[in-house]
Amino acid sequence: MTDHDRQRPQPVRLSTPDALLTAIPYLLGYHPCERLVALLLKDNHVELILSYQLDTPDIATHLVECARRHHASAVALALFSDLDSATTLLRWTAHAARAAGIRPLGQLQIQNGRYQVLDPHDGEDCGWQHFGPDTAIQATMVTHGLVAHAHRADLDTQFTAVTGAARDAIRHTTMVINQRWQHRSRRDADKTRHALRAIGQRYLATIDRQVCADPTRTITLPDNHVAQLGICLRDVAVRDAAIEYLDTNLAAYQRLWAQMMRRVDHDDLPACATICAYAFWRNGDWLNARFAITHALDADPNYRLAQLLRTALDAQIPPDDRALKPAHATPHSPER
C-alpha cells in the first residue's frame, strides 16, 4: 500500500538526520513502521512525501514517476524497518532514482531508536548512531498544527463505522424510511424524486444555520435524520449542495460528515465519505481526505466523484483549485 501524504510547506531547515527523523512523523501524521519513506524535493523544499509498505510492488518506478510529475530534483529516503534485508530495497530505490536523474540526498535506516546512514554512492553503511529527537523541530511542528499519531491506523478511527446496537438501529431506520419512499416512487417517480430533493436541501439549510450560529458546536443528528439525509444524498443535486455549504465552516463540517460516515447505512456511505473528503481537502488536510475517499471507494469503486477526487489527491491538486467543484447535475444524470 502506498500513501501520498500531506503536502505542506517545509516549516524548518532539516539539516541533520536527527532533525529529519524527528520531522517525518509530523509530516506524515503518524510514526511509520515497516515502511520506506521518500521525501521528494524541489528547490530545496519538500514537494511531496511518499510512504510505502515494504511489499508494495514497483516502489522505485512509482517514486520516479512522482518525482517527474512534480519536477523534483532530489530525494531523501528513510527506511523504518528492523529487517536488515530491507536495506536491499533502500539501495535499489536510491539507485533507480539516481539513474533517472534524481539526486539521492541521503539514505537512512532506522531500527529501535537508532539509525545508520548509508552512503548514497556505494551503499556502504557508516555505523549505527543513537537517535535523539530534535526538540526544536518538535516544537515547530506542533506550532504549525501538525500531530504525530503513534500508528497510522489511529488516523482512521474517526471514520470507523459504528457497530452493535447503534449499527442495527441505523440500518433498521434506513430500511423503514427507504421502503416508504420506494412505495411513493412506484406511484409517481418524478414527484417522489423532487420531494426527496426538497427534503434534503431543507435538511442541509437547517444544519448550516446551526453551524453558523455556533461553529464550535459538534452537531449530533438523530438516527432518523442520518438515515433520511443519507437517502437524500443519492440525488446528486443534494450532494453537490452539501459540498457548496462546506465553505461556511470547514472544521464544523469535517466533524459533521465524519459523523455521517460512521453512522450512515453502507449503501449511502459513498456520498457522505466523498463530501467528508472534500471538506478535508478544502482545508488542506490531504491525509484525512485520503482516508475518507478510500472509504468511499471501498464502498463503491465506481462512484464517479470519489474517483475524481482521488485523482486530485494523487496529483496533489491544491485545494484552492476549483476544477473539481462539481457542477449541479440534472436529476437524470447517471454520473455520481
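Is P17 buried, exposed or partly exposed? In this predicted model, P17 has a relative accessibility of 26%, so it counts as partly exposed.

P17 belongs to helix α1, which covers residues 17–28. T22 has its place in helix α1 too. T22 is buried, because its relative accessible area is 4% and the cut-off for buried is under 20%. Here they are side by side:

| Residue | Relative accessible area | Class | Source |
|---|---|---|---|
| P17 | 26% | partly exposed | helix α1 |

With its neighbours within four places left out, T22 is in contact with F131, P133, D134, I137 and Q138. P133 turns up again when you look at P17: the C-alpha atoms of P17 and P133 are separated by 9.8 Å, although the two are 116 residues apart along the chain.

**A hairpin of two strands**

Now take a look at strand β2 (residues 35–42) and strand β3 (residues 45–53). They pair in the antiparallel sense, over eight bridges. One of the pairings joins V37 to S51, its bridge partner in β3. Two residues sit between the strands of this hairpin, and D43 takes a positive phi near 55 degrees.

**The largest pocket**

Next comes the largest pocket, with a volume of about 570 Å³. It is lined by 20 residues, and L14, S15, L20, L41 and L105 are the closest to its centre. The most comes from β5, which gives four residues. Sorted by class, the lining has 12 nonpolar, seven polar and one charged residues.

**A helix tucked inside**

Last up is helix α9, residues 250–263. Its 14 residues reach 20 Å from the first C-alpha to the last, close to the 20 Å expected at 1.5 Å a residue. Why is α9 described as largely enclosed by the rest of the structure? Because 11 of its 14 residues are buried. Among them are L250, Y253, W257, M260 and R263. And what covers these buried residues? The cover includes α5 (164–187), α6 (189–213), α7 (223–232), α8 (236–245), α10 (269–282) and α11 (286–299).

Notes
Residues are numbered from 1 along each chain as its sequence is written. This is a predicted model: local features need pLDDT of at least 70, side-chain atom pairs count only at pLDDT 80 or more; totals for chains, interfaces and linings use all residues. Side-chain values use heavy atoms; hydrogens and water are left out. Buried means under 20% relative accessible area, exposed over 50%, partly exposed in between (1.4 Å probe, protein chains only). Two strands pair if DSSP finds at least two bridges between them. On a 1 Å grid over the protein atoms alone, a cavity is a set of points where a 1.4 Å probe fits but cannot get out, and a pocket is an open set with protein on both sides within 12 Å along at least five of seven lines; lining residues have an atom within 4 Å of a point. Grid points are joined across faces, edges and corners, and a volume is the space filled by probe spheres set on the points. Ala, Val, Leu, Ile, Met, Phe, Trp, Tyr, Cys and Pro count as nonpolar, Asp, Glu, Lys and Arg as charged, and the others, Gly among them, as polar. Contact means heavy atoms within 4.5 Å. The expected span of a helix is 1.5 Å times one less than its number of residues.
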